[in-house]
Amino acid sequence: MNVREYLEQIPLWADKKNSLDSIRDFLHEMGNPEEKMRIIHVAGTNGKGSVCQYMTSVLCQAGFRVGTFVSPHLEDVTERVLLCGKPVKQERFEKAFEQVRQLAETMAGRGYAPPTYFEFLFYMFMAVMKEYKPDFVVLETGLGGRLDTTNVVRMPVLTVITSVSMDHMQYLGNTIEEIAAEKAGILKEHVPVVYDASCPESRKVIEERAGMLGSLQVPVSQEDYTFISRDVSGIRVKVETEDWGDLLVKIPSQAEYQMMNTAVAVRALDVLAEELWREKTGERPEVKDSGQPDFDGLLKKWRLDKGDCVVRGIGVSYWPGRMEQVLEGVYLDGAHNPGGVKALNRTIRRMQKETKKQVSVMFGAVSDKDHHQMIQTLCDGVDISQVVIAHMDTKRSATCAELEREFRQILKCPIQVFPTVGQALEYFLKTRKDSLAFCAGSLYLVGEVKKLLGSEKGGGF
């Protein structure tokens with residue numbers, strides 16, 4: 001059994017999450033690598049992957065070594081372990097796998113439960129980071145925050161919370177306030193928090209939690225950025241910062257929602273630069289050294305570069321499956337909850353208004369999502385010429401018949417159903433003509449489409 005086969009078998013025999021105390025015991029056996037890292041901990045319902053990518057790109061442009069842990073992956077599991085934005089090399093990935101497999105066997109002999117799929121990958125990430133010795137780790141939560149595996153981190157240098165909306169209600173709660181409380185569970189005493197403050201309900205929860213912990217609060221709203229212009233290559237916005245003044249940033253995306261994500265990432269980096277400078281000058285307890293001898297020099301250069309690294313880093317950032325243009329007029333977006341689809345709908349309506357073109361939609365969703373609401377939101381105010389529904393290669397896929405019925409309740413256009421994503425994509429690309437084409441509804445769908453179209457693979461450490 002190879003590495004991928006082993007990992008894919010894990011849910012069959014390890015489907016119960018371990019406690020944070022048990023996870024810390026695993027990390028203790030690894031030498032507590034998380035305690036030697038400058039960790040930026042990121043939670044949220046939508047946008048956290050994009051924010052992680054923006055911050056990673058900027059820090060790499062500044063010359064820092066950056067490890068990033070994200071989920072889920074689209075094409076290959078190595079995408080979850082990024083070294084300066086690129087997937088870890090296969091040899092390094094397999095070495096980390098073997099280390100964690102042996103550790104799991106040792107811990108099982110002491111009576112510990114086996115790691116879940118997510119826990120196993122988190123340990124693998126930590127094993128890679130222990131050897132890579134990054135200057136920064138950008139750590140994305142998996143589900144929620146308070147009880148998330150990644151919340152074993154006791155003292156991050158910064159916490160970030162992106163947009164909060166309704167998703168995973170069976171685990172996180174049935175109101176925005178309850179879900180926000182779970183996300184705010186990553187906040188730590190006296191550690192700054194930068195957060196999307198556009199939702200009053202979640203903002204109140206985060207503010208109350210941050211106040212209890214004595215954490216510096218940096219809310220980010222639409223007042224913190226100004227739309228400047230848009231062309232085929234992306235969106236230009238002006239983002240306000242404390243350290244670098246107003247920055248004119250080019251976002252390589254057509255997605256409206258990336259303006260807020262960019263503002264959150266830029267403000268987070270702004271706060272990070274200031275906090276680390278205070279650490280260096282003795283105004284804040286020092287974090288253990290990353291091992292890179294020129295860190296102080298890079299920090300000084302980054303802080304004094306007038307935001308040039310921020311502008312360059314955002315400009316060259318790439319986050320697959322989020323309004324990603326894969327062919328002319330063809331976009332992939334992994335929006336998979338009502339909040340994400342609402343943000344996607346705003347972008348589609350704006351693009352349709354500007355181009356005067358009809359819209360073709362290829363759609364797939366998993367059964368445990370509110371796909372009925374997603375479909376209603378996606379179609380709202382959009383002139384859709386055709387819908388292609390695909391059954392995805394996962395046991396979680398919603399039935400095509402159910403999705404077709406939900407689309408027919410609100411649309412009169414042709415709707416075609418296919419048993420595989422491959423057949424659906426072939427038909428979709430042949431029949432879309434000159435329309436704007438969007439593949440949406442699930443990251444599973446986006447991943448399958450990307451595999452079929454082919455994509456470049458990078459290699460890191």
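Reply: Arg350 is buried, at 13% relative accessibility, where buried means under 20% relative accessible area, exposed over 50%, and partly exposed in between (1.4 Å probe, protein chains only). The model is predicted, so that local features need pLDDT of at least 70 and side-chain atom pairs count only at pLDDT 80 or more, while totals for chains, interfaces and linings use all residues. Residues are numbered from 1 along each chain as its sequence is written, and side-chain values use heavy atoms, with hydrogens and water left out.

The side chain of Arg350 forms a salt bridge with that of Glu256 at 2.7 Å, N to O, the term standing for a side-chain nitrogen of Lys or Arg within 4 Å of a carboxyl oxygen of Asp or Glu. Because Glu256 lies in the loop between E11 and H9 while Arg350 belongs to helix H12 (residues 338-355), this pair ties together parts that are 94 residues apart in sequence; helices (H or I, at least four residues) and strands (E, at least two) are DSSP runs, numbered from the N terminus.

Glu256, buried with a relative accessible area of 18%, also meets the side chain of Arg230 in a salt bridge of 2.9 Å, N to O. Arg230 lies in strand E9 (residues 225-231) and Glu256 in the loop between strand E11 (246-251) and helix H9 (258-280), so this contact joins parts 26 residues apart in sequence. Arg230 itself counts as partly exposed, at 24% relative accessibility. Arg230, Glu256, Arg350 and Glu354 are linked in a network of salt bridges.
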